[in-house]
Amino acid sequence: MAKIHPSSDVQSDKIGENTVIWQYCVVLKDAVIGDNCNINCQVLIENDVRIGNNVTIKPGVQIWNGVTLEDNVFIGPNVTFTNDLIPRSKKYPEVFRKTRVKRGASIGANSTIIAGNTIGEHALIGAGSVVTRDVPANTVWFGNPAKQRGIIDDQGVITPQD
């Protein structure tokens, strides 16, 4: 059974076993969240969002329509996802751009992920980065715009790129 703090507004009934949703979160009715997730305080999750199992989302994150987080993903504090490349007030695209964060990837605090990109399996995005393109599996990216700076193995050991 999920544990949902009473100050949160969770409209979805598709919340997995042993998931914890902390204070002041909003989860819209069509969102799907897997088992054993930790959704920290002040997180917004829209309708067309899929979150896998064992995902951690730190405070201050908004997960907009079109974002998928696969199993074992880590999203650091205040990470920003976008879903509209040409935003205008009260004018919405027919379809929002899709963004996928693949299994085991980690995104550092205050990073921005531009809509339509895929973060590969076990990739690591450094804090404060702006991701403007697809990120291959097992790579380390950081900067603005983010660039590949190394390779990361399954044990988390980073080999810097020349």
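The following exercises, with worked solutions, concern a predicted model.

**Exercise 1.** Determine what the mean pLDDT of the protein chain is, and where confidence is lowest and highest.

*Solution.* Confidence is lowest in strand E22 (residues 158–160), with a mean of 95, and highest in strand E9 (residues 56–57), at 99.

**Exercise 2.** State the strand order of the open sheet of five strands and identify which strands stand at its edges.

*Solution.* The order is E5-E8-E11-E14-E17, and the pairing is parallel. Strand E5 (32–33) and strand E17 (118–119) each have a single partner strand, so one side of each lacks a neighbour in the sheet; these two stand at the edges. Next, examine the pairing of E17 with strand E14 (residues 99–101): the two run in the parallel sense and are joined over two bridges. In this pairing, valine 101 lies opposite isoleucine 119 of E17.

**Exercise 3.** Describe the largest nonpolar core and list the contacts of leucine 69.

*Solution.* The core comprises 33 residues. Those with the most contacts inside it are Ile45, Ile57, Leu69 and Phe81. Taking leucine 69, and leaving out residues up to four places away in sequence, one finds that it touches Arg50, Ile51, Gly52, Val55, Ile57, Ile63, Ile75, Phe81 and Val101.

Key:
Residues numbered from 1 in each chain as written. Predicted model: local features only at pLDDT ≥ 70, side-chain atom pairs only at ≥ 80, totals over all residues. Heavy atoms only, no water. Pairing = 2+ DSSP bridges. Helix = DSSP H or I, 4+ residues; strand = E, 2+ residues; numbered from the N terminus. Core = buried A, V, L, I, M, F, W, Y, C linked by side-chain atoms within 4.5 Å. Buried < 20%, exposed > 50% of the residue type's maximum accessible area, 1.4 Å probe, protein only. Contact = heavy atoms within 4.5 Å. pLDDT = per-residue confidence, 0-100.
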